[in-house]
Amino acid sequence: MSKPKRISADGPAPRQRFWKHAEVMSMEGGFAVALDGKPVRLPESSLLKVHSHALADTLAEEWNTAGMDDPKKRFTAEDLPLTRIAGTMIERVAPHRQHSVDTLAHFGMHDLLCYRAAPTEPLGQRQAEQWQPWLDWVHHHHHVSLIVTHGLMPVEQSVEALEALKAALSQYSNEELAGLGVAVPALGSLVLGMALADDKLEAEKAVALATLDEQTQMERWGVDAAQLDRIAAIGADVADAARFIDLAREK
């Protein structure tokens with residue numbers, strides 16, 4: 001007897017669309033995505049299954065539209081951004097929560113908001129005005145105190161700060177940690193990522209704060225197409241992460 005065909009949610013790109021319809025399948029413990037009646041399986045054979053019906057609906061819609069705008073019906077992993085986050089949550093975050101917490105906490109040890117231009121420079125003044133409120137926020141709401149430096153030399157944060165970040169991150173759900181795993185590297189800031197996850201900061205504003213240096217340079221020297229592309233890519237990642245977290249909280 002031959003083995004059943006595995007429907008993978010990840011792999012080399014581009015690939016040929018091989019299904020006609022994606023739908024949500026109710027299962028014990030959550031909602032799975034099925035293609036032509038067959039549940040999607042991730043690279044390590046886990047089911048693409050989530051707790052939120054709203055998130056499952058959106059994942060199914062990703063699969064329904066993947067490849068449909070290509071004449072040859074080809075698709076890539078970029079067509080399935082929320083599926084990718086869900087896959088990371090299921091096969092990386094859930095079985096290794098502490099590793100995810102530790103990895104994210106170490107981002108906070110080199111947080112973008114802690115590295116600033118000289119206070120006498122216009123950029124340094126903008127950074128202080130726009131970034132410091134978020135360092136104050138993480139201090140008051142998550143009991144994390146981070147040291148600010150001026151220049152490029154690394155600043156050594158305290159062991160207490162690292163442990164406070166780990167304690168704060170441990171309170172997040174697997175879905176939130178998976179979203180942070182996308183948003184934080186894109187933003188270069190754990191603090192902005194946590195504010196995003198806590199619904200204190202919208203994705204667009206988080207990206208604006210994270211790209212303050214680039215925007216200041218373009219205001220002075222003119223628009224740079226490469227910089228705009230980079231900012232757009234950051235924006236797409238952060239928006240996907242925020243949307244994933246929001247949907248995961250719905251029923």
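1. Buried denotes under 20% relative accessible area, exposed over 50%, and partly exposed in between (1.4 Å probe, protein chains only).

2. This is a predicted model, in which local features need pLDDT of at least 70 and side-chain atom pairs pLDDT 80 or more, whereas totals for chains, interfaces and linings use all residues. Residues are numbered from 1 along each chain as its sequence is written, and side-chain values use heavy atoms, without hydrogens and water.

3. Glu 62, in helix α1 (residues 53–65), is buried yet has no salt bridge (a side-chain nitrogen of Lys or Arg within 4 Å of a carboxyl oxygen of Asp or Glu). The nearest side chain of opposite charge, Arg 243, is 5.5 Å away; Lys and Arg count as positive, Asp and Glu as negative, with His and the chain ends not counted.

4. The whole structure holds 8 salt bridges. Asp 102 pairs with Lys 166 at 3.7 Å between the closest N and O atoms, linking helix α3 (residues 97–108) to helix α5 (residues 159–169) across 64 residues. Asp 102 is partly exposed at 24%, and Lys 166 is buried at 18%. Glu 163 joins Asp 102 and Lys 166 in a network of salt bridges.

Conventions. Helices (H or I, at least four residues) and strands (E, at least two) are DSSP runs, numbered from the N terminus.
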